[in-house]
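Hi everyone, thanks for coming.

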Amino acid sequence: MAVVKAIAETIVLDDQYKVGELMYLDELMQTLDFDVRYMEKAKQLSSEKTVEVLKKMTKEKKEALIVMIDKMTESDGTVHWKEKEFLLNLIQILG
């Protein structure tokens, strides 16, 4: 759920839903096997709990999450400064 929350938060950072982001989101939903209802539930997870869970992930899962978030930030053709900042903060948190 914490991974899905991170994905969901990335999409709304620039206050716009663009075609590329939605297409990549659809791909992630199929790959990670979650739906819109699950994503809405994941958004309710507190930031503190999300960070706690993400920090406990294996190194491989952390790396995979960073790749997913990076692809999401680039999926619409431009990287908004808020998306870049979010990714950098995520990398720092995951250490």
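Glu52 has a relative accessibility of 36%, so Glu52 counts as partly exposed (buried is under 20% relative accessible area, exposed over 50%, partly exposed in between, with a 1.4 Å probe and protein chains only). Before I go on: this is a predicted model, where local features need pLDDT of at least 70, side-chain atom pairs count only at pLDDT 80 or more, and totals for chains, interfaces and linings use all residues. Residues are numbered from 1 along each chain as its sequence is written, and side-chain values use heavy atoms, with hydrogens and water left out.

Back to Glu52: its salt-bridge partner is Lys49, with the closest N and O atoms 3.6 Å apart (a side-chain nitrogen of Lys or Arg within 4 Å of a carboxyl oxygen of Asp or Glu). Both lie in helix H4, three residues apart (helices are DSSP runs of H or I, at least four residues, numbered from the N terminus). Lys56 joins Lys49 and Glu52 in a network of salt bridges.

Over in helix H1, Glu9 and Lys5 are four residues apart, about one helical turn, and they form a salt bridge at 3.1 Å between the closest N and O atoms. Is Lys5 buried or exposed? Lys5 is buried, at 6%, while Glu9 is partly exposed at 27%.

Note on methods: Helix = DSSP H or I, 4+ residues; strand = E, 2+ residues; numbered from the N terminus.
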